[in-house]
Amino acid sequence: MTKLMDSKRGLIMGLANDKSIAWGIAKALSEHGAELCFSYQGEQLKKRVDPLAERLGSDFVVECDVSDEASIDALFDAIKEKWGKIDFIVHAIGFSDKAELRGRYVDTTRSNFNLTMDISVFSFTAVAQRAAKLMPEGGSMLTMTYYGAERVMPHYNVMGVAKAALEASVRYLAEDLGKDGIRVNSISAGPIKTLAASGIGDFRYIMKWNEYNSPLRRNVTIDDVGGSALYLLSDLSAGVSGETHHVDAGYHVVGMKAVDAPDM
Ligand code: NAD
C-alpha cells in the first residue's frame, strides 16, 4: 500500500526532546513514509536529537540557530547539497524570556519584544524564503501557533502578540508563494506539557482549565498534532492554504465555563 508521504522529503525544525510537538509531527510523517532532516539549536541539544532522528531512520541532523541568518543559510545549503529539493518544512520554534511569561503584558521590555518577534515570528519568514527556492514543484510549509494569538490568555503576554503576527505572516506567505504551488498553514495547538510550555506561568492551571472546558473534555497530545500536521503536509490538503487549523479539542469554539467543569 502506498503511504501518504512516500517519496516526500522534508525538514523538521524545533525538536528538543521526545515531548516536543516537533516529535509528534516527525513520528506521524515518518510512519507515512517521509524522509526527514532535523535541525537543532546548539550543541547541547544534538545529543538528544541524534538518537531521536535515528529512531526514525535519519542521520541528516544539522545545527541551526534561527536568530542567525548565516546559520539558516548553512542549513539550506546542506539540504540543497544532499537532496537538491525539498517537499515540506515544519517550523516548531518559539522563544521568549520566561521572566515575561508571567504577570502583565504591559510590562514587556523592548529587548524581549524584539527577541520574541525575531525568533518566534520572523524566523518562519526567513526559513520560508530559503525553502521556497528548493520547492520548484511546489510544497507545504507549517508553523505552530496558539489561541493566545486570538484571545487574551493568562501569562502568555508578548508570546500572544508574536503568535498573532505569526498567523498574519502565514496568510501573507500563502499569497506570495501560492502562485508557485507552495501552501503555507499553521496549527493552533491546545496546551501541551513541553519544555517551552514549562516557562509559562500557571501552566498546570491552563492545562486543567482546557481539559474541563474543551468540547472533548481532554487535552490534546503531540500525536493529535502529528495527525493534523500529516494532513496539512500531505496532498490530502492540496486545496488548503493560509489556514490556522485548531487542534485544541475544540476549545476555541467555547464561550464560557462548562456547566460540569469542577471549581478550580
Ligand atoms: P519545545 O521546547 O519542545 O520546542 C521549542 C523549540 O524551539 C526547541 O526545540 C528550541 O530549541 C527551539 N528554539 C528556540 N529558540 C531557537 C533558536 N534561536 N533557533 C532554533 N531553534 C530554537 O516546545 P514545543 O511546545 O514543542 O514548541 C514548539 C512550537 O509549538 C512553539 O512555536 C510553541 O510556541 C508552539 N506551541 C506550543 C504549545 C504548547 O502548549 N506546548 C501550544 C501551541 C503552540
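Let's begin with a pair of helices: H4 and H5 pass each other in a right-handed crossing. Keep in mind as you look around that this is a predicted model.

**Two helix pairs**

Two packed helices are described by the angle between their axes and the distance between the axes. Here are those values for two pairs in this protein.

| Helix pair | Angle between axes | Axis distance |
|---|---|---|
| H4 (residues 110-133) and H5 (residues 157-178) | about 20° | 9 Å |

How are H4 and H5 oriented relative to each other? Their axes meet at an angle of about 20°, and because angles under 35 degrees count as roughly parallel, H4 is roughly parallel to H5. On the H4 side they include Phe113, Met117, Val121 and Phe124, while H5 brings, among them, Val158, Ala162, Leu166 and Leu173. Sorted by class, the contact of H4 with H5 has 13 nonpolar, five polar and no charged residues.

Now turn to H1 and H7. The crossing of H1 with H7 is right-handed. In H1, the residues that meet H7 include Ile21, Trp23, Ile25 and Lys27; in H7, the residues that meet H1 include Ile222, Asp223, Val225 and Leu230. What classes of residue make up this contact? The contact of H1 with H7 has ten nonpolar, three polar and two charged residues.

**The whole protein**

The protein has seven helices and seven strands, which follow one another along the sequence in the pattern β-α-β-α-β-α-β-α-β-α-β-α-α-β. Its radius of gyration is 18 Å, close to the 18 Å that the globule rule gives for 264 residues, so the protein is as compact as a globular protein of that length. Along its principal axes, the C-alpha trace spans about 55 × 45 × 40 Å.

Methods: Residues numbered from 1 in each chain as written. Predicted model: local features only at pLDDT ≥ 70, side-chain atom pairs only at ≥ 80, totals over all residues. Axes fitted to C-alpha atoms, helices over the stretch in contact; angles between N-to-C directions. Helix = DSSP H or I, 4+ residues; strand = E, 2+ residues; numbered from the N terminus. Parallel < 35°, antiparallel > 145°, perpendicular 65-115°, else oblique. Left-handed = near helix turned anticlockwise from the far one by under 90°. Contact = placed C-beta atoms within 7 Å. Nonpolar A, V, L, I, M, F, W, Y, C, P; charged D, E, K, R; others polar. Rg over C-alpha atoms; globule rule 2.2 N^0.38 Å.
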